[in-house]
Amino acid sequence: WSEGLEIGMARGKKKPPTAPEPTGTVEWLLGTCSVHVQHLMDKGGKRGYRSLFTSDESRKEFKKELYDISKLGITLRPWKARVFQLFEFEWTRREPKVMKRFSQEYLHGRAVNWTTADQEPGLPDQNNGDERGNRTYKDEATDWNRLSLRAWYREHMEWMRKHPFTNQLFLTKAEHIKEDQWRSVQQLLRDTFIFDVTATRELEITYSPFHPPEKATCVFLLSKESYKAIASKHGGERSTIEEHAKPILQNKELLYTGDMDRITSLDDFHKSSKGACMLYSIVRTGAATSCACTCIDYQMKETCDCSLAWDVKHGRIQIPEEKDIKVIGEETKRGGRRKARKGGALTFDQPRFSIPPKAPAATAPPPHPFG
């Protein structure tokens, strides 16, 4: 590839400060629930932020930005300090009261680890799963009584002995892949060129907050959203997809090889990071697929359409007979339609997106770039 395209720079605006040192490895970290951080924007009172915003629209936009940052991903951990810096730079001008407090609490204080860049894939960036079990815990462990520390500890340890959590299965094993995902994977391989229009590189990447970066084989491919946008606007022929994919894949690669100072706004960063995915060859022993992915699904669940489809395409994983699309069908089975509620109509006749079918693939799978 030639030199990377210039990402759009804001004109007529003060430039952000020089990028700080990349966020590196740590021996340990104290995580903060990203969902709780976002929900604080909706709460009033001393603990909440709602009353500090100048408008409700601004508050919602701020909260959406928090969500996007929380899904940064472990491979972009070196960018975390820069993203926080750009976020603070932009919103200090727009919501100074909010940012004065937020930066102290969640950008520079102890509670800064609220993104997926602070966790290995498959580990949560929030504690909703734990809180989902609050009622069960109170029913079985404390009987909803407020106990002294000594009494609570005794009851808690007794409850723990009855629940051997170490025997629980890791939920991203191949046998746990759901029918909907098998369907989606087969449709992507059949109807798109996503896994044909790619670029392979050998890069040093961050795969854990606790270990130094390592060399890995990396494959860049369009995100499903980018592919649909190109096919809808320009057509779904392979040559067309290749032409429009090149700058998108290139900008994604530059996040791992380029200078951080070239990204001068959060919009620039999100355009580069969301336009494409990157498969990489460092995975947990026993993971469902032979490669990891930078997409949100993989970072949260340690499985995604991209990594599964890639292994199916290259013969690493066989589609179970009972999950073949000829058996499970093209459409996800839904429950019966609900009656429209007052205040708005439910529509079921929206046009569906479709991509022209590609030519039949060769019978022999291409060589797997991960060996």
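Which residues form one aromatic cluster? Tyr49, Phe53, Phe62, Phe84, Phe87, Trp91, Phe102, Tyr106 and Trp114 do. Hello everyone, and let me use that cluster as our way in.

A quick word on the ground rules. This is a predicted model, where local features need pLDDT of at least 70 and side-chain atom pairs count only at pLDDT 80 or more, while totals for chains, interfaces and linings use all residues. Residues are numbered from 1 along each chain as its sequence is written, and side-chain values use heavy atoms, with hydrogens and water left out.

Now the overall picture. The chain's secondary structure comes to 14 helices and 4 strands. Both are DSSP runs numbered from the N terminus: helices are H or I with at least four residues, strands are E with at least two. Of the 371 residues in the chain, 43% are buried. Buried here means under 20% relative accessible area, exposed means over 50%, and partly exposed is in between, using a 1.4 Å probe and protein chains only. Contact means heavy atoms within 4.5 Å. Among contacts in the chain with a separation of 6 or more, 70% are between residues 24 or more positions apart.

Back to the aromatics. The structure holds 13 aromatic pairs. In one of them, the rings of Phe53 and Phe62 have centres 5.4 Å apart and planes at 70 degrees, so this pair is edge-to-face. For the cut-offs, rings of Phe, Tyr and Trp (its six-membered ring) pair if their centres lie within 6.5 Å; planes under 30 degrees apart are stacked, over 60 edge-to-face, and the rest tilted. Phe53 and Phe62 are both buried.

Phe102 and Tyr106 give us a tilted pair, with 5.3 Å from centre to centre and 40 degrees between the planes. These two residues sit in helix 4 (residues 96–107), 4 residues apart, about one turn of the helix. Phe102 and Tyr106 are buried as well.

The charged end of Arg94 sits over the ring of Trp91, 4.1 Å from its centre. Likewise, the charged end of Arg101 sits over the ring of Tyr49, 4.0 Å from its centre. To count as sitting over a ring, NZ of Lys or CZ of Arg must be within 6 Å of the ring centre and within 35 degrees of the ring normal.

Next, the helices around those rings. Helix 3 (residues 80–94) packs with helix 4 at an angle of about 155 degrees, their axes 7 Å apart. That makes the two roughly antiparallel. Axes are lines fitted to C-alpha atoms, for helices over the stretch in contact, and angles run from 0 to 180 degrees between N-to-C directions. Angles under 35 degrees count as roughly parallel, over 145 as roughly antiparallel, 65 to 115 as roughly perpendicular, and the rest as oblique. The crossing of helix 3 and helix 4 is left-handed, which means the near helix is turned anticlockwise from the far one by less than a right angle; clockwise would be right-handed. Where they meet, helix 3 brings residues including Phe84, Phe87 and Trp91, and helix 4 brings residues including Phe102 and Tyr106.

How do helix 10 and helix 11 pack, and at what angle? Helix 10 (residues 238–257) and helix 11 (residues 266–274) pack at about 110 degrees, with their axes 7 Å apart. They are therefore roughly perpendicular to each other, and their crossing is left-handed. Asn251, Lys252 and Leu255 of helix 10 meet Phe269, Ser272 and Ser273 of helix 11. Helix 10 also holds Ser239, which is exposed at a relative accessible area of 53%.

Is helix 13 enclosed or exposed, then? In helix 13 (residues 305–313), 8 of the 9 residues are buried, so it is largely enclosed by the rest of the structure. Trp310 is one of the buried residues. After helix 13 comes Gly315, with a positive phi near 75 degrees.

To finish, two residues other than glycine with positive phi. Asp143 has phi near 55 degrees and lies in the loop between helix 6 (134–142) and helix 7 (149–161). Glu302 has phi near 60 degrees and is found in the loop between helix 12 (296–301) and helix 13. Asp143 counts as exposed, at 52% relative accessibility, whereas Glu302 is buried, at 2% relative accessible area.
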